[in-house]
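Here is a short report on aromatic rings. Look at the sequence and the model first.

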Amino acid sequence: MKIEVRRPTEDDKKKASAWPVWTKEASTFPWHYDDQETCLILEGEVTVKTAQGPVSFRGGDLVVFPKGLDCTWEIRKAVKKRYKFG
């Protein structure tokens, strides 16, 4: 299970503008993805640790988490993201 991190296209940004917003202060917590999640990271710096190794991303990145992923989020700088499941 691989986390995809890339720069969003203008189309990605337009679609994401309708998604809900989630914010979280600097913290560390475990997480399990019951469904695929696509996020547009608006602010912050995060490293997600998985069985395959750590993946880092920051404001401006588009991130796709696969369904079934178990990981630990390490938010180094408060995060603000737009997200959708499915």
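This is a predicted model: local features need pLDDT of at least 70, side-chain atom pairs count only at pLDDT 80 or more; totals for chains, interfaces and linings use all residues.

Residues are numbered from 1 along each chain as its sequence is written, and side-chain values use heavy atoms, with hydrogens and water left out.

How many aromatic pairs does a search of the whole structure find? The search finds 9. Rings of Phe, Tyr and Trp (its six-membered ring) pair if their centres lie within 6.5 Å; planes under 30 degrees apart count as stacked, over 60 as edge-to-face and the rest as tilted. Two of the pairs are set out here.

| Pair | Centre to centre | Angle between planes | Type |
|---|---|---|---|
| Trp31 and Tyr33 | 6.5 Å | 70 degrees | edge-to-face |
| Tyr83 and Phe85 | 5.8 Å | 70 degrees | edge-to-face |

Now take exposure. Buried means under 20% relative accessible area, exposed over 50%, and partly exposed in between (1.4 Å probe, protein chains only). Tyr33 is buried at 1%, whereas Trp31 is partly exposed at 42%. Tyr83 is partly exposed at 22%. Phe85 is partly exposed too, at 45%.

Ring pairs also build a cluster: they link Trp22, Phe29, Trp31, Tyr33, Phe57, Phe65 and Trp73. Charges sit over two of these rings. A charge counts as over a ring if NZ of Lys or CZ of Arg is within 6 Å of the ring centre and within 35 degrees of the ring normal. The charged end of Lys24 lies over the Phe29 ring, 5.6 Å from its centre. The charged end of Lys81 lies over the Trp22 ring, 4.7 Å from its centre.
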